[in-house]
Amino acid sequence: MYGLAAALALAAVVYLYRSREMPGRGRALLAALRFMAVAVLLLVLFDPTVPVPGMGARGGTRVLLDGSLSMLLPAGPGRPQTRWQAAVAAARELAAGRRVFIFGESPRALAVDSLVAVHPDAAASRLLPALQAAAEGGALRVVALTDGEIEDSVEVARALPRLGLTLEVRPVAVPVADRALVEVAAPAWAQAGEPLEVRATVLATGAAEDSLVIVLREGEVVRARARVATPGPGRVASALLRFEPAAAEAARDANGGLVRYDVALETGDAIPDDDRRSIYVFVSEQPAGVTLVSLRPDWEPRFLQPALEQSLGLPVRGYLRMPS
């Protein structure tokens, strides 16, 4: 259909330049340029699909391999191989020497023979970007080899009808209940004695209790504790940890210092490495101020510095570069 449309466009361009345009030099070049413009416009309208080289398979099947860190865990009780080793063995049979997609934080295509030198290192397990890449490559059916800990399962279920793919998820491990701290957010600075809020986000896979308890410690001292409902599959839940920070022991003066806080789940699980995170907050007795640097000292910094201090209510320090 595109070839027929391009041929009609070529005939129309030739007819116009022979019958309607004024004769002159360079008409052939102008006709060729006009035909190329129309051909490109038709190509955009037809929007053809170009299969990814080396990704073809019988029936349009693609093999997707989970490359997240959880794949380094044992495949199950009494099984000596890891989840990754089990997935690589299954991928060799399914891919039959063709390339496979490794998904995690972002997908990448590799030859199946290169999987021996690959180690899972992704901090996340997102399947949707790999499905989108497979669909753009002309896939009709996708087989995902994973341990089941897919973070965007809800988004995948919503996008599958639009992608036109048939997805088959093959687990390579016995499901293990895991609760993880996926994110801890806190301000970079806090004033000693004033309320401070730290937001902790948790993710749960497999069977788990109805709620989780998150604890924030400063050294061995518990400074805050919060309970949050266990999120469903593919969901996250957040909790606010509120407390009043104290100035750092090493810097009790007005300048303050960095304080380390450890945020962790109160009860552990089968995968303890993702149950704890540490953050650093600069805590001082005085509020953070403003620094004014003038590389060309004139009258402006003299008036700007007190104006900033009065309008913001914060201490302002000024630095001027003076000629020697």
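1. Let me start with Arg260, which is partly exposed at 43% relative accessibility. This is a predicted model, and in it Arg260 forms a salt bridge with Asp262, with the closest N and O atoms 2.9 Å apart.

2. What else does the side chain of Asp262 make a polar contact with? The partner is the side chain of Ser278, at 2.6 Å. Leaving out residues up to four places away in sequence, Asp262 touches Val215, Leu216 and Arg217, and also Arg276, Arg277 and Ser278.

3. Next, the aromatic residues. How many aromatic pairs does a search of the whole structure find? The search finds two. Tyr2 and Phe46 make an edge-to-face pair, with 5.8 Å from centre to centre and 80° between the planes. Tyr2 belongs to helix α1 and Phe46 to helix α2 (residues 27-46), so this pair ties together parts that are 44 residues apart in sequence. Tyr2 is partly exposed, at 29% relative accessibility, and Phe46 is partly exposed too, at 36%.

4. Phe243 and Tyr261 pair as well: their ring centres are 5.2 Å apart and their planes lie at 65°, so the pair is edge-to-face. Phe243 is in strand β11 (residues 236-243) and Tyr261 in strand β12, so parts 18 residues apart in sequence are tied together. Are these residues buried or exposed? Phe243 is buried, with a relative accessible area of 6%, and Tyr261 is buried with 0%.

5. Together with Met1, Leu41 and Leu45, Phe46 makes a nonpolar surface patch of about 500 Å². Met1 is found in the segment before α1 (2-19), and Met1 counts as exposed at 82% relative accessibility.

6. Helix α4 (residues 128-136) deserves a friendly mention. Its buried residues are Leu128, Ala130, Leu131, Ala133, Ala134 and Ala135. As for the spacing, an α-helix has 3.6 residues a turn, so residues three or four places apart point the same way. Which elements do the buried residues of α4 pack against? They pack against the strands β1 (61-66), β2 (99-103), β4 (141-146) and β5 (166-171), and against helix α5 (153-163). After α4 comes Gly138, which has a positive phi near 90°.

7. Finally, back to charges. Side chains of opposite charge can pair when their charged atoms come close. The count for this model comes to eight salt bridges. One of them joins Asp113 and Arg92, with the closest N and O atoms 3.9 Å apart. Asp113 lies in the loop between β3 (108-111) and α4, and Arg92 in helix α3 (residues 83-95), so the pair ties together parts 21 residues apart in sequence. Asp113 counts as exposed at 57% relative accessibility, whereas Arg92 is partly exposed at 36%.

8. Arg223 and Glu218 meet in a salt bridge at 2.4 Å, N to O, and Arg223 is partly exposed at 25% relative accessibility. A network of salt bridges links Arg141, Glu168 and Arg170.

Technical notes
Residues numbered from 1 in each chain as written. Predicted model: local features only at pLDDT ≥ 70, side-chain atom pairs only at ≥ 80, totals over all residues. Heavy atoms only, no water. Polar contact = N/O pair within 3.5 Å; in protein donor to acceptor, adjacent residues only side chain to side chain. Contact = heavy atoms within 4.5 Å. Patch = residues over 30% accessible without salt bridge, like charges linked within 9 Å, V, L, I, M, F, W, Y side chains within 5 Å. Areas by Shrake-Rupley, 256 points an atom, 1.4 Å probe, with all protein chains shown as cover. Salt bridge = Lys/Arg side-chain N within 4 Å of Asp/Glu carboxyl O. Helix = DSSP H or I, 4+ residues; strand = E, 2+ residues; numbered from the N terminus. Buried < 20%, exposed > 50% of the residue type's maximum accessible area, 1.4 Å probe, protein only. Phe/Tyr/Trp six-rings, centres within 6.5 Å; stacked < 30°, edge-to-face > 60°.
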